[in-house]
There are 2 protein chains.
Amino acid sequence: MTKPTISTVAVVGTGVIGRSWMLLLARAGCHTRIYDCDPAKVEEAVQWLEEDLELNRQDGLLSAEEAKATRDRVTFHHSLGEALNGVGYVQESGPERMELKQALYADLDRAADPAAILGSSTSGLEMTKIAAGLTGARRCIVTHPVNPPHVIPVVEILAGKETDRQVVDRTCAFLVSVGQTPVVVNFYLPGFLLNRMQAALVREAINLVESGAADVNAVDAVICDGLGLRWALMGPFGVANTNADGGVREYFSRYKQAYLGLMNNLGSTPSFDPALIEQLGKATDAMVGNAPRAEIRRWRDRLVRKIRAVKEGDPGP
Amino acid sequence: MTKPTISTVAVVGTGVIGRSWMLLLARAGCHTRIYDCDPAKVEEAVQWLEEDLELNRQDGLLSAEEAKATRDRVTFHHSLGEALNGVGYVQESGPERMELKQALYADLDRAADPAAILGSSTSGLEMTKIAAGLTGARRCIVTHPVNPPHVIPVVEILAGKETDRQVVDRTCAFLVSVGQTPVVVNFYLPGFLLNRMQAALVREAINLVESGAADVNAVDAVICDGLGLRWALMGPFGVANTNADGGVREYFSRYKQAYLGLMNNLGSTPSFDPALIEQLGKATDAMVGNAPRAEIRRWRDRLVRKIRAVKEGDPGP
C-alpha cells in the first residue's frame, strides 16, 4: 500500500460505519483521532477495534506488529476541537438527519483547519444542503462508503454545489492512498449509484420469492454461485463487453429485444408488509441455520479480503 | 469432487455453451459423447477444448494428467443415434428457436434410452412446449447454465408440465455430482431467475450512464469493487441478514421506507437505440483498453476458479 497523502485524520461519530473508517485509516498508516459526542460509543469502538485486530491476526490477515501499530495510531479525544487539531481530513459518520448533519458540519467547519477536507458518510443527504451557508462549504464533500468500509473498497464521492473541484481531486487521491476505490457521482440523485443498483436487484429478488417462482435460497444461489462470481471481477458493462465477440456494441444490439422484453416484464415495487417480511425472515433463517451473525460477518470480511488479494495478485490484462 | 451419478453423457450442439458443457462434464469424470449437425462445429469445439485444457495447465488449474484424462473422455460421433447410444444424460445446446428445439427433442426422444434425461440449455423457451406430444416428455427438463458453465456453477432447473418429479431430483443430483449448483425455478417466467435479476441491475446501470449521473467505469467499479464482492459470497437475502443485528426482519423493516422511495425512483427501460449503444461501447472501450478479449476471458475464468477455491477452502460458519 502507498503512503497516505494526508497523515493525520479524524473520525467523528464512532458507530458501526465510523469505527470501520477508523480501522481502515489507522491500518493504512494515518494518525487517526476519534471523537463521538457519546463517550460510551468511543469506548465500544476502541474495544471493537482491538477485537477485530486480534481476529485479523488469528486469520493471518495482519501480523502482530501491524495490529499493534494500527492500534497505536488511534487516539481518542474528549472534545471535537481537540480531535480536529492538526487534522487534514475528517470522516463524519453521524446520524442521518439533515438538521443534525447541518449542526455537526457547522461545528466541524469552525473547528477544523481551513485546508482540511470534511467528508461525510451520508448515504442519502445532499452536501449542498448540509453545507449551505458555511464559510468552508468548498471543502465539504460526500464520501459514502459501503458497509463495512474497512473490507469493501468503494466510496461514492459527491460534491455539493459549493465544493471545490480541487477538493474532489484531493479526496479521491487520499482515498486511493489508503486503499479505497473512490467513484465520482456527477450529481445528486436518491441512493447515489450503489444503493440504486442494489435496490433494482433486491426488488426483483423479492418479487421472485413473493410470486412463488423461487425460494429464498434459490435466489441467493443464483447470485453467489452465478452472477456474483462475475460481478466480483467486472461490472455490467465489463461483463457485456466480455460475453460477446464484438463487445458491448454487439452484446446490446444482439440482446436488445430480449432485454427490452425482460425489462418490461420485471416486477414492481413490493409492499414490504409485515407478512412478506416475516416470510423472507423465516426462509432466510432456514437457509442460514444457527451460525451466530458475528461469525458470519467475520467469515464475510475474511473472504472478501481473500478475494481482493486474488484480484490484486492477478489484476488481469 | 464426487463421482458423477451418471457416467456416460452426450453433449448435443457444440457451440460456445455446448463446448463448455463438454469440458465441465469430461473434467468431472463423465464419458462425454459429442454431436453437432455441423461437423465443423465439432472440430472447432475439440480444438477449443485442447487449447483450454492447455491454458488451464499453464495456469496451474489442472495437472497434465488431469488435462489428458479429460481430453480422453471426449469422443465425437457422426450421427445422433451413435452419440446417444448408452448415454444416461443428454445436454442439448442447439439454437434458441422453438420449432428447431421441438424437432431436435423429437429426435433426441427417439434416439435416447428411455431412462436418459434430456436437459436443455435454453435460456428462454418453455419445456412444456418443447416436449409437447413426445413419448418421453416426462424426462425432458430445462437445465439452463450461466456463461461459461465450466466456470460458473449455477444451473437453473425448470420442469415442464409433463416432467417427472423424479427427473428433477435425478437431474439436480447429477449436476451436483459434476460440481454445478442446480437451482430450481418453480414455474416458467421470462428470463427465469438469473436473467431477470441481471436485467434489473443492467437497466439501472444503463440509466445511470444515460442520465449523466455516472460514467461507465464508475458504475462498473461500484459493482466489482463494491456490491459484487459481497454478492460473490451471499445473495441479497444473505446480505440483508448479515447487515442488521436483527437479520432480514430488522433490515427490511428499518430500511422499508428507504427502499420504497428508491425503488419507486428507479429508471425505466432504456431505448437501446444505436446512439446509446455507441455511447456505452465507446466508454467501455476506453475503460477496458487494448487487452484482447480472449485474454480477458482467460483472466475471468482463472479468477472465478480462484474465488471458488477460496470459498471451497473456507465455506464459513
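This is a predicted model: local features need pLDDT of at least 70, side-chain atom pairs count only at pLDDT 80 or more; totals for chains, interfaces and linings use all residues.

Q: How are the two chains placed relative to each other?

A: Chain B is superposed on chain A by a rotation of 180 degrees with 0.0 Å of shift along its axis, and the RMSD is 0.0 Å. The two copies are therefore related as by a two-fold rotation axis. The same surface serves both copies, since 100% of the contact residues of chain B recur in chain A.

Q: Back to helix 14 of chain B. Which of its residues are buried?

A: In helix 14 of chain B, the buried residues are Arg300(B), Asp301(B), Arg302(B), Leu303(B), Val304(B), Lys306(B) and Ile307(B).

Q: What do they pack against?

A: The buried residues of helix 14 of chain B pack against helix 9 (216-231), helix 10 (236-243) and helix 14 (293-313) of chain A.

Q: What span should that helix have, and what span does it have?

A: Helix 14 of chain B has 21 residues, and at 1.5 Å a residue these should span 30 Å. Its end C-alpha atoms are 30 Å apart, which agrees.

Q: What about helix 9 of chain B? Where does it lie on chain A?

A: Helix 9 of chain B lies across strand 7 (154-159) and strand 8 of chain A, and it runs at about 150 degrees to strand 8 of chain A. Within chain B, the axes of helix 9 and helix 13 come within 9 Å and cross at roughly 65 degrees. Val216(B), Asn217(B) and Asp220(B) of helix 9 of chain B make that contact with Leu280(B), Ala283(B), Thr284(B) and Met287(B) of helix 13 of chain B. By class, this contact has four nonpolar, two polar and one charged residues.

Q: New topic, the sheet in chain A. What is its strand order?

A: Chain A has an open sheet of eight strands in the order 3-2-1-4-5-6-7-8, with mixed pairing. The twist averages 25 degrees from one strand to the next.

Q: Which strands stand at the edges?

A: Strand 3 (74-76) and strand 8 (181-184) of chain A do. Each has a single partner strand, so one side of each is left without a neighbour in the sheet. Strand 3 of chain A is joined to strand 2 (residues 31-35) of chain A by three bridges, and the two strands run parallel. In this pair, Val74(A) is the bridge partner of Thr32(A).

Q: What about strand 6 of chain A: how many of its residues are buried?

A: Six of the six residues of strand 6 (residues 140-145) of chain A are buried, so this strand is largely enclosed by the rest of the structure. Cys140(A), Val142(A) and His144(A) point one way, Ile141(A), Thr143(A) and Pro145(A) point the other way, and all are buried.

Q: How do its partner strands run?

A: Strand 5 (residues 117-120) of chain A runs parallel to strand 6 of chain A, and three bridges join them. Strand 7 of chain A runs antiparallel to strand 6 of chain A, with five bridges. Ser120(A) has Val142(A) as its bridge partner, and Ile141(A) has Ala159(A).

Q: Last topic. Is Asp301(A) buried or exposed?

A: Asp301(A), in helix 14 of chain A, counts as buried because it has 20 C-beta neighbours inside 10 Å. Leaving aside neighbours within four places in sequence, Asp301(A) is in contact with Pro148(A) and Val151(A). Asp301(A) and Val151(A) are 150 residues apart in sequence and 6.0 Å apart in space, C-alpha to C-alpha.

Q: And Arg165(A), buried or exposed?

A: Arg165(A) lies in helix 7 (residues 165-177) of chain A. It counts as exposed because it has 9 C-beta neighbours inside 10 Å.

Terms used: Residues are numbered from 1 along each chain as its sequence is written. Chains are lettered from A and ligands numbered from 1 in the order in which they are written. Helices (H or I, at least four residues) and strands (E, at least two) are DSSP runs, numbered from the N terminus. The expected span of a helix is 1.5 Å times one less than its number of residues. A residue is buried if 20 or more other C-beta atoms lie within 10 Å of its own, exposed if 12 or fewer, and partly exposed in between; C-beta atoms are placed from the backbone. Two residues are in contact if their C-beta atoms, placed from the backbone, lie within 7 Å. Copies are superposed by least squares on the C-alpha atoms of residues with pLDDT of at least 70 in both. Two strands pair if DSSP finds at least two bridges between them. Axes are lines fitted to C-alpha atoms, for helices over the stretch in contact, and angles run from 0 to 180 degrees between N-to-C directions. Ala, Val, Leu, Ile, Met, Phe, Trp, Tyr, Cys and Pro count as nonpolar, Asp, Glu, Lys and Arg as charged, and the others, Gly among them, as polar.
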